[in-house]
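Q: Could we go through a protein model together, feature by feature, with the general idea before the particular case?

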Amino acid sequence: MSKNCRFVSAVALLLIALTVAGPVDAAPCGGTFPNPMTDICWLCLFPMHIGPVEIAFGQQGNGDAAPPLLCTCPAPPPLFIRIGIGFSFWEPARVAEVVRTPFCSPTLGGTILADINVPHGTHHEGDGGQQGGAFYQVHWFQYPALSWLGMALTSAMCFVSEPFDLVYLSELDPLWDDDQLTFILNPEAILFSNRVAQAACIADTIAARLHAFGLDNLFWCSGAQGSVYPLSGNHANHVSGIDSSLAIVHKHVFKMHRQLLAQDTSTRGAMCGPRPQPILRKRQYKQQMLFPTPQTARGYGFGAPSILWGAGREYPYKGEDFSYLIWRKRTCCAF
């Protein structure tokens, strides 16, 4: 099926959902369609590497080594092996929505996609010695912005043919609102529910603050946003909607990797194609806010403190749902 057909099919499914949904709750659902020209941090494509040569344009690297100048990958007969040039860049690949109202989609202009009785988002700050907490729903879009703009980078180098599509709704996931049930996906969480393991997250917070990316070895940490576990929509220690939504996005991406719905695209082992990565490599991703107020100066890795850019980007009523453009590091053998 062609890209255009798949895009039309996705839109048709959304329209059908709207038609059959019936009346919906009048809860606030703000949103706007992202403008690819003004709402995307296009400098976040960098740093790029062509072999050992770096092109940075002032953007923060994630600490990965440069790809080799020459590389080889399997090829169909009669060649069997093809020779290429190592190439890496950051790709705007996904959009994550973090919302209070079920089925509310800021990316689709504030549309409510369906009317099904599922948990609404909640949040409360700690008071009187009590711990705060938050719960949000998440939606996950394929967002092939480079393909839309016809950039030769993807077709000539590391093309991934994907349509625009809504591929995940947490409202339909029975694991998302149940910490005990989601233990099936993250049984190792029991190893990190102690003070020593959580104290180690201080190092992750410092690294994310200084270098915009956390430490991959401390995979259970989300830097300034706290702990990754459990891999559900619940987040402890709610301080602000921005920080809680950032933590929820990190949890969700980790969950996608654990379910093998997201893969390694950034290491040398993935130069010839994606491969499974059940433990998320944090430095493979960075994110920028799209809604309610786009943040287009630079991207930040999971765990980076929002104080660097978040002032004024959360406000009452229609400024309490969020969407983020997720940048994915790509390392490939170009030919």
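**Reading burial, salt bridges and backbone geometry**

A: At 19% relative accessibility, aspartate 216 counts as buried, and since the model is a predicted one, that value is computed from predicted coordinates.

Q: With which side chain does aspartate 216 meet in a salt bridge?

A: In general, side chains of opposite charge can pair when their charged atoms come close. In this model the partner of aspartate 216 is arginine 283, with 2.9 Å from N to O. Arginine 283 lies in the loop between β13 (275–276) and β14 (285–291), while aspartate 216 lies in the loop between α6 (201–211) and β11 (234–236), so the pair ties together parts that are 67 residues apart in sequence.

Q: Which residues are linked with Asp216 and Arg283 in a network of salt bridges?

A: The network also takes in Asp64, Arg281 and Lys329. For the protein as a whole, the count comes to 14 salt bridges.

Q: Where in the chain do glutamate 91 and arginine 328 lie, given that they form a salt bridge?

A: Their closest N and O atoms are 2.9 Å apart. Glutamate 91 is in strand β4 (residues 81–99) and arginine 328 is in strand β15, and the pair links distant parts of the chain, 237 residues apart. As for accessibility, both glutamate 91 and arginine 328 are buried.

Q: And which parts does the salt bridge between arginine 258 and glutamate 188 tie together?

A: The side chains of arginine 258 and glutamate 188 meet at 3.0 Å, N to O.

Q: Is alanine 114 buried or exposed, and how many Å separate it from cysteine 104?

A: Alanine 114 lies in the loop between β6 (111–112) and β7 (122–124), and at 16% relative accessibility it counts as buried. Alanine 114 and cysteine 104 are ten residues apart in sequence, and their C-alpha atoms are 8.4 Å apart in space.

Q: Which backbone angles deserve a second look in a model such as this?

A: Most residues other than glycine have a negative phi, and most peptide bonds are trans. Here, a cis peptide bond joins phenylalanine 46 and proline 47, with omega about 5 degrees, and proline 47 lies in the loop between α1 (3–21) and β1 (48–50). The peptide bond from tyrosine 229 to proline 230 is also cis, with omega near -5 degrees, and proline 230 is found in the loop between α6 and β11.

Q: Where are asparagine 237 and tyrosine 317 placed, and what is the phi of each?

A: Asparagine 237, in the loop between β11 and α7, has a positive phi near 60 degrees, and with a relative accessible area of 47% it is partly exposed. Tyrosine 317, which is not a glycine either, has a positive phi of about 70 degrees, and its place is in the loop between β14 and β15.

Q: How many helices and strands does the protein have, and what do the totals for the chain say?

A: The protein has seven helices and 15 strands, and of its 335 residues 54% count as buried. Among contacts between residues at least 6 apart in sequence, 68% join residues at least 24 apart. The accessible surface comes to about 15,100 Å², of which 63% belongs to carbon and sulfur atoms.

Key. Residues are numbered from 1 along each chain as its sequence is written. This is a predicted model: local features need pLDDT of at least 70, side-chain atom pairs count only at pLDDT 80 or more; totals for chains, interfaces and linings use all residues. Side-chain values use heavy atoms; hydrogens and water are left out. Helices (H or I, at least four residues) and strands (E, at least two) are DSSP runs, numbered from the N terminus. Buried means under 20% relative accessible area, exposed over 50%, partly exposed in between (1.4 Å probe, protein chains only). Contact means heavy atoms within 4.5 Å. Accessible areas come from the Shrake-Rupley method with a 1.4 Å probe; for residues, only the protein chains shown count as cover. A salt bridge is a side-chain nitrogen of Lys or Arg within 4 Å of a carboxyl oxygen of Asp or Glu.
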